[in-house]
Structure formats: C-alpha cells, structure tokens
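Work through the exercises below with the model open. Each task is followed by a solution in steps.

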Amino acid sequence: MGRRKALLPVSLVLSGLNGLISLVPFVFIWLIVRELLAGGGLAVGTPAYGYAWWAAGSAVAGVLLYFVSLMLSHLAAFRVEVNMRREAMRRVVKMPLGYFNEKLSGRMRKVIDEDSSQTHTFLAHLLPDIVGSMTAPAGVILLLFVFDWRMGLVCLIPILAAAVTMLVMMNPKQNNFQRMYLDAQEKMGGEAVEYVRGIPVVKVFQQTVFSFKRFYDSIITYKDLVTKYTLGWQRPMSFYTMAINSSAFFLVPAAVLIIGRTGNVPAVVADLFLYILITPSIASNIMKIMYLQQNLFMADEAIRRMESLTEEKPLPVAGQKEYPRGHEVSFEQVTFRYAGAKENAVNGVSFSIPEGKTYALVGPSGSGKTTIARLIPRFWDAGKGKVRIGGADVRCIDKEELMDKVSFVFQNTKLFKTTLRENITYGRPGAAQEEIDRAIELSQSCDIIARLPAGLDTKIGTDGTYLSGGERQRIALARAILKDAPVVVLDEATAFADPENEVLIQQALRELMKGKTVLMIAHRLTTVQDADCILVMDKGKIAEQGTHKELLRKGILYPSMWDEYRKSVAWTV
C-alpha cells in the first residue's frame, strides 16, 4: 500500500461505526410507531416529528460514513493492485528468455491482470463490509434482548438455523473446489489464447474447435466442475434462504401469545414492528460473512499464484564483470538439462566459431540444436561448462552489452502491434532514416513498404494491416540488419516461408551475415552448404563436423541426412 497504509485501518473503523449507526434509524422508527399507536400524531412539535428527523439524520450519517469508508479502502486497494502488477512485471522482465517459451501468455495475463484484481475486491469491498457486518449483528443482538427478550429468543431460531447451514456449506472442502476452479479458469484462458493464435490453421484445414482437443477438454472440464459444484449447493442454499427470511413466521405467533398474556397491544405491536425490521439486517450480514471465507481464500490464492508465476529466479548477475575481446563464440564442455527432464538436452559440447565465420547446426529434431543456439544470448545458463563471446563468459558479460553483441532471428517471428518503423528500429531507436532505408533494402523489404498506404508508419495487427509469414520474417531481418550486432544466431529463419519469400529471405540473410560471427540452424540442408563448418548434432552431442564436402566424403550421419533431404525435395503429389 505504500504511503496509503493508514487509510485501510481508518476505513475499517468508519465501516464499523456505520454498522452501529445503521441501526439507529430502526430505533427511531420504533419510537415513532409506539407514539402513533399511543394516539400521538406527526404534526410539527410532536415527539414523533422529532424522531422522524433524527431517523433521517442518522440514516444520512450512516451513508456518509459508508461512502468515506469505501473511498479510503478503494484508494488503498488500488495502490495494492497496481503495485502487485508492477512487482509481478518487474520480476517477469528479469526472468531468463527461456522462461517465456515455457509459460503460456494467456496464463501469464490472467495471473498478472485478473488475479491481482481479486485482492482489490477483498480490500476495497469485503474487508470494510465484514467489519460493518460484525458490528451490526452485535448491535442487533443487543437490541433483540433490550426491547423484549422473548421476541429476541424467537428471532434467534431462524438465525441459528441459517448460521448452522452456513457453517456446513463453508467447510474446508470448498477451498479445494476454489483451487480447482481457478486452475480450470487458468488452463482455459491459456488454451484459449493458443487456440485463437491457431485459428488460421483451423480455417485452412476446415477443422473445428475439436481439432484443438486441449482447448475443448479445458472447456468441458470447467463446465463439469462448475455444474457439479452448483448442483451441490441447491438444497443447502434453498434451506438457508428459507431459514434466514422466516423470522416473521416465528415472530407473529409469538406476538399473539404475548398479547394474550399481557394485553398490552400497542407495546407488543411496536416491538413486533421493530423486530421484523431489524432481523433481516442480520440475514444480509450473515451473507457477507459467508462470502468472507471464499473471497479471503480467493485473494490468498491470487497472491500464491502470482508468487508461483514469478518464483523462478532471474539469471544470476556476476560480481566480476568480463568484457569481450573480439567476437569469437566458443562452447567449452557445455552441458544443459531442462527442469524436470531426465536426460541432458546438451551433453559435453565443445566447439569454437572464429570471428567472422559461419557455423551451421544440423541434426534430427530433439538433438539439441535450438538449445545450443539459445545458450548464447542466455535464454538459459549452461549447467556445466562455459559459453564465451570474445573470450568472456556470457554469464559475466553485462546484460545490456550481451544483448548489443547478439542478434537472433527465430522461425516464430515476433513483431509488435505498432508501426513498421517502430518494429524495425526497436534495436536502435535513434537510427537515422538513411540507415533504416538501407536495412529495408538489404532485407529485401522494399516491396512490402511500397505497397502499404502509410509506408513505414503503417501499423501491424488488428488496427492496421497483416503481413504474411515470409513478409514478417523479412521485417525481422531488417530489424536485425539495422541493429548490426557482431554475433548472429539464426534458428530456422526460412522455416515458414513460401518459395518466393524464401529466395528473398536468403538474399537478406547473406547481407545480415556479412562479416558477422554466425551460428545458424536449418533443416533445409541446401541453406548450409556454404557454411564454413557444419556441426551434426545427435542426442545432445556433436556427432560429426566439417564442411559440406568433407562430411559427404567421410561422414556417416550427414550423408544419410543429405540423401533423405534430396529425396524429400523430389517428392511429387
């Protein structure tokens, strides 16, 4: 809450006072009814007239107290909600780059955006209400026995029945449901985002939602869970509602019996009128108390989930800084294993890329190619061994300097929903127009810019235009060319391009790679024929290495891969 910590206690005190003051109008109404039954009137100057003004004044005072209480609690709650989101985002941006490959963006959005609002509801509304709901029933119970203890006892019958029912309903098992409910919501949200992203594929292949079985299953799981839970509350909630609203069915017979024994009709009727008015206020307060446990759990669970989302530790910052002397990239007995995996993804890999040379990684899926590439910009840190740039351990290079040294272009291109200019200059915001134009020309993107009405100022996404996969890749290459980093990592940069775009992307890649230290991954072996060295990966290790011609002559795994690739190219439908 920062400097707003003091606001919440003041809010709770005001809410408690409001709970007591809210009973005062009922007392004055009781006095008015008693005066009227005794034969008095409502003329100016009569006691009933004065009581009416006091009733109105106390009601207004209660409303004002409640307004100020909620205003203060909202100010505190908004600060908590904002600071929780800021803290979550502060932690998230410090996470290793690999963290964002493992976490669903839909789940992250829900936890950071929606779950933090659970604390707002609890602090802004429920906590002040619960204090008022505790003081008001205490005052009501006191009034029940002050005016007529017999009617007070009768009123307790439905109240106790409702309270017992509430305790039965709010047992600890409900927490398990709430946890499962939040899990189901979180999973459904994450799968929904992934499904929406895949809608083009669904349309192309004329499939339905059932094609995305995980999304469909998450919806069915959520529906079954909520339906079962709701039906389970049907009887107890019906009994609770009946009990909490049945005070009049007990009070009227009790009043008749009391009148029969005392004969004091005006006094008993006045008391009956008061009890019928104030007893329902207990019902509303019990309902608020009933929701307290649920919402307290929801707020606590929201914090737990946010902590869980951000519990992964950021990559350590080395105390002793190292500075690259050149742009050679080397791996020294590097071993890496993903969290929860039984086997190493990379196992004792050593190689060195001389400055200005291009090395290629090839091999079957799961052989460790992408993992090796992503250890250079520190998506993760190696478990054993060292990854160096210019002789400096990447773990000891300042984060900003490391990001300046490395450009990476992956098969899943990430462009922001903003202008093409901002996307291209993201690595160098202060680039001159001449430099931007050169990057566009070298990336073979001139035709993309030329056909758009607003040129570089055209927005991408729902508010602008959409680009094809190959076009997006060329824009990403323009960004990398403009950044002009000395080390370039390419992971299947032409994977999703059509033949026309692939030719243009290959031309752009040649421009990007000029004079750079390059590590590239490719399944299309024709794209790596001219590499200075090809590393053939198998089961996390380097099985073979050499130039294309050397590997064809003396290799075992690479020649078979080359033959399979040439056969696949020759396939016809």
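**Exercise 1.** State how many aromatic pairs there are, and classify the pair of Phe 379 and Trp 380.

Solution. Rings of Phe, Tyr and Trp (its six-membered ring) pair if their centres lie within 6.5 Å; planes under 30 degrees apart count as stacked, over 60 as edge-to-face and the rest as tilted. By this rule there are 10 aromatic pairs. In one of them, Phe 379 and Trp 380 lie 6.0 Å centre to centre with 55 degrees between the planes, a tilted pair. The model is predicted: local features need pLDDT of at least 70, side-chain atom pairs count only at pLDDT 80 or more, and totals for chains, interfaces and linings use all residues. Residues are numbered from 1 along each chain as its sequence is written, and side-chain values use heavy atoms, with hydrogens and water left out.

**Exercise 2.** Decide whether Phe 379 and Trp 380 are buried or exposed.

Solution. Buried means under 20% relative accessible area, exposed over 50%, partly exposed in between (1.4 Å probe, protein chains only). Phe 379 has 5% and is therefore buried. Trp 380, at 11%, is buried too.

**Exercise 3.** Classify the pair of Phe 416 and Tyr 426, then the exposure of each residue.

Solution. The ring centres of Phe 416 and Tyr 426 are 4.7 Å apart and the planes stand at 35 degrees, so the pair is tilted. Phe 416 has a relative accessible area of 38%, so Phe 416 is partly exposed. Tyr 426 has 55% and is therefore exposed.
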